[in-house]
Amino acid sequence: MAEVNIVKQPKQEKPEPSRWPGFDTPLFRGSLFSMNPFALMRQFTEEMDRMLGAGPRAAGEGMSAIWSPAIEVKEKDGKLLVNAELPGLKKEDVKVHIDGDTLVVEGERKQEKEEKREGYYHSERSYGKFYRSVPLPEGAQIEQANAQFNNGVLEVAIPVQESKQKRQEIPVQEGTKKVA
């Protein structure tokens, strides 16, 4: 049996705790001069995400990811038109309702992808909830509202009374006077 020498190291003092949690450890592992610049950038990005609580690690820690789909709101021909781009969703995944004077579009997307080949298996899952609200103008006729879902695009139309609001220009002055 081989002999192993045990050397007792002198007791080291613990470093003083940092005022900034997470900055106690060196930012980069290894030598900066011997690292691949792309690996260095990836590591820097991962460390910044970890410090700021963002990125894939934070999303996977018991929180479901928040997804905010693109919406377009316009008024045309006496109707308020709201279009929401919801790619990959089905009609059953989307809920549309009016809460007081606000139109609410919400839902959840679930994507599961599985690929099997000879000697290869790949599986991915992603989930994301979304919630978008649009304030309704006065005179919105919510009882006549309708919504259609077609090929990942939700279209909501709500008739509105055309308001004859007067437009008032406010002159902008230059100077040191304070506005009361």
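Me: Which side chain does R117 meet in a salt bridge?

Reply: The side chain of R117 meets that of E115, at 2.4 Å from N to O; a salt bridge here is a side-chain nitrogen of Lys or Arg within 4 Å of a carboxyl oxygen of Asp or Glu. This is a predicted model, in which local features need pLDDT of at least 70 and side-chain atom pairs count only at pLDDT 80 or more, while totals for chains, interfaces and linings use all residues. Residues are numbered from 1 along each chain as its sequence is written, and side-chain values use heavy atoms, with hydrogens and water left out.

Me: OK, and is R117 buried or exposed?

Reply: R117 counts as exposed because its relative accessibility is 57%, whereas E115, at 22%, counts as partly exposed. (Buried is under 20% relative accessible area, exposed is over 50%, and partly exposed is in between, with a 1.4 Å probe and protein chains only.)

Me: How many salt bridges does a search of the whole structure find?

Reply: The search finds two. One of them joins the side chains of K116 and E114, at 3.6 Å from N to O, and both of those residues are exposed.

Me: Changing topic, how many helices and strands are there?

Reply: The protein chain has two helices and eight strands, and along the sequence they come in the order α-α-β-β-β-β-β-β-β-β. (These are DSSP runs numbered from the N terminus: helices are H or I with at least four residues, strands are E with at least two.)

Me: How do β4 and β5 pair?

Reply: Strand β4, residues 94–99, runs antiparallel to strand β5, residues 102–117, and six bridges link them; strands pair if DSSP finds at least two bridges between them. One of the residues to look at is H97, whose bridge partner in β5 is V104.

Me: What's in the turn there?

Reply: β4 and β5 make a hairpin with two residues between them, and G100 in that turn has a positive phi of about 70°.

Me: What about the inside, which residues touch the most others in the largest nonpolar core?

Reply: This core has 15 residues, and those touching the most other members are V82, L86, V94, L103, F130, L154 and V156. At least two core residues come from each of β3 (79–85), β5, β6 (120–135) and β8 (153–159). (Such a core joins buried Ala, Val, Leu, Ile, Met, Phe, Trp, Tyr and Cys through side-chain atoms within 4.5 Å.)

Me: And what share of the chain counts as buried?

Reply: Of the 180 residues in the protein chain, 16% count as buried.
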